[in-house]
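Thank you all for making time this morning.

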Amino acid sequence: MNNKPWTASTIFVAVSIFFVALNTRPAVTAIGPLFNVLMDALQVSNTQMSLLTSIPVFCMGLFAPLAVPLQKRLSPKSSILLLLIIIVIANGLRFITESYLLLVVTSFAAGFAIGVIGPIINAYIKEKFPSRFTTVVGVYSFGIGTGAMLSAGLTVPIYNAFDKSLTIAIGSWTVLAIAAVVIWQLAIPKEQVEMPNASATVHGTVRNPWKNGRAWIILLFLGLQTSLFFAMMSWLPAMLQDKGFSLMLASSVLTFMALVQMAGNISITLLMEKWPNRIAWALGLGILGVIGFALLWVGTGFMLWIAVFIIGVVLSGLFPIALLLPLDEATNTEEANSWSSMVLSGGFMMSALLPLVVGYFYDKTASHNITYAIYIILMLGVIGSVLVLKKSKRHATK
């Protein structure tokens, strides 16, 4: 399919998708840089703190299937506008007081909104940019990475700049959500968002992903790599502090990883436009990931920066691949929505477990050796799922 030329309106739409993506991580990843500080201030355990990551990620999976019925009632524009407003409210409530219960409630609300946004945006990209969806998924992934980078890099400086105010540090991301509301409202005119229903019948019956083996493999692939992402965003500063890093230095390393991911999200997807073999990319990144996590385990000093760089590259490439795989399988907009909903739903619910598991074992052992071992095992699981996906594709084409 020939690529249609970019116009001012389609560029603005892509920009609005970027701003929506910016807001799909800070409500979760702003906790990590202040993990130990929050734990002391709120007087909770490592396991309880891990819930602040696990709850929103689990909700992202639990509520992703609601994207399908929501789009039957509202257009993508109205749906995403409503969900962005929920994110604004969730972040805004964090200004009120230092309260563990409030953080749990707002994490739940943010996770709900983020979870439903994902499949809607995926389907909208497939419909709006049929010949450029790899590039625009890259823009979306770039926005996610940028949001994670900003929250990782600026939360501690904001905390220090405002007289060590935890409420301002984690509530300030409301500003970013308000900006997304305004830009999305301006960029997506009503006539551009009505998704045609005809495409659902062009290719016959819509396949149910819950009954499709390849969909389950893709779900596993996404779940394993997003588990690693959220666990790293939550626990990397604390892990580095155990290795002797200060809070500021550990936060800087987390920012560095998020920056690498941000750059990788867009650059790797652009490279995939030229070399589109998703399986080869995923397999290569998986092998590199095992090396990175092993180095993180045994490394010290500068070697830890190299390990984090490798891990950032790996995670930045695996996530857009996980978003693209269900879109590659889909033959129409309805399938794109249902397959994305299923994959994101199960994948994110899987991802919610790992930060909690890390917190549990750290509370029990006061050591992260089990954490590093789990990371490497999950990375090997990523490689295994890719090999199974490759084999099932070969059998399907015979």
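Let me begin with helix α15, whose buried residues are Arg278, Ile279, Ala282, Leu285, Gly286, Gly289, Val290, Gly292, Phe293, Leu295 and Leu296. Please keep in mind throughout that what we are looking at is a predicted model.

Isoleucine 279 is itself among the buried residues of the helix.

The partner to look at next is helix α16, residues 302–329, which packs against α15 at an angle of about 150°, with the two axes 8 Å apart. Because angles over 145 degrees count as roughly antiparallel, α15 is described as roughly antiparallel to α16. The crossing of these two helices is left-handed.

Helix α1 and helix α10, the latter being residues 174–187, pack at an angle of about 155°, and their axes lie 9 Å apart. That angle makes α1 roughly antiparallel to α10. On the α1 side, the contact is made by Phe12, Val13, Ser16, Ile17, Phe19, Val20 and Leu22, and on the α10 side by Leu176, Ala180, Ile183, Trp184, Leu186 and Ala187. Here, too, the crossing is left-handed.

While we are on α1, which covers residues 8–22, please find threonine 10 within it. Is threonine 10 buried or exposed? Its relative accessibility is 16%, and since buried means under 20%, threonine 10 counts as buried. The side chain of threonine 10 reaches the backbone nitrogen of threonine 7 at 2.9 Å. Once we set aside neighbours within four places in sequence, threonine 10 is in contact with Lys128 and Phe129.

Lys128 takes us to helix α7, residues 100–128, where 29 residues should span 42 Å at 1.5 Å a residue, and the end C-alpha atoms, being 41 Å apart, agree with this. Of those 29 residues, 22 are buried, so α7 is largely enclosed by the rest of the structure. Its N-terminal end is capped by serine 99, with a side-chain oxygen 3.4 Å from the backbone nitrogen of leucine 101.

Finally, let us turn to the loop between α8 and α9, where we find aspartate 163 and lysine 164. Most residues other than glycine have a negative phi. Aspartate 163, however, has a positive phi near 55°, and lysine 164 likewise has a positive phi near 55°. Aspartate 163 counts as exposed, at 72% relative accessibility.

Not counting residues up to four places away in sequence, threonine 167 touches Arg94, Phe95, Thr97, Glu98 and Ser172.

Key
Residues are numbered from 1 along each chain as its sequence is written. This is a predicted model: local features need pLDDT of at least 70, side-chain atom pairs count only at pLDDT 80 or more; totals for chains, interfaces and linings use all residues. Side-chain values use heavy atoms; hydrogens and water are left out. Buried means under 20% relative accessible area, exposed over 50%, partly exposed in between (1.4 Å probe, protein chains only). Helices (H or I, at least four residues) and strands (E, at least two) are DSSP runs, numbered from the N terminus. A polar contact is a pair of N or O atoms within 3.5 Å; within protein, one must be able to donate a hydrogen and the other to accept it, and residues adjacent in sequence count only if both atoms are side-chain atoms. Contact means heavy atoms within 4.5 Å. Axes are lines fitted to C-alpha atoms, for helices over the stretch in contact, and angles run from 0 to 180 degrees between N-to-C directions. Angles under 35 degrees count as roughly parallel, over 145 as roughly antiparallel, 65 to 115 as roughly perpendicular and the rest as oblique. A crossing is left-handed if the near helix is turned anticlockwise from the far one by less than a right angle, and right-handed if clockwise. The expected span of a helix is 1.5 Å times one less than its number of residues.
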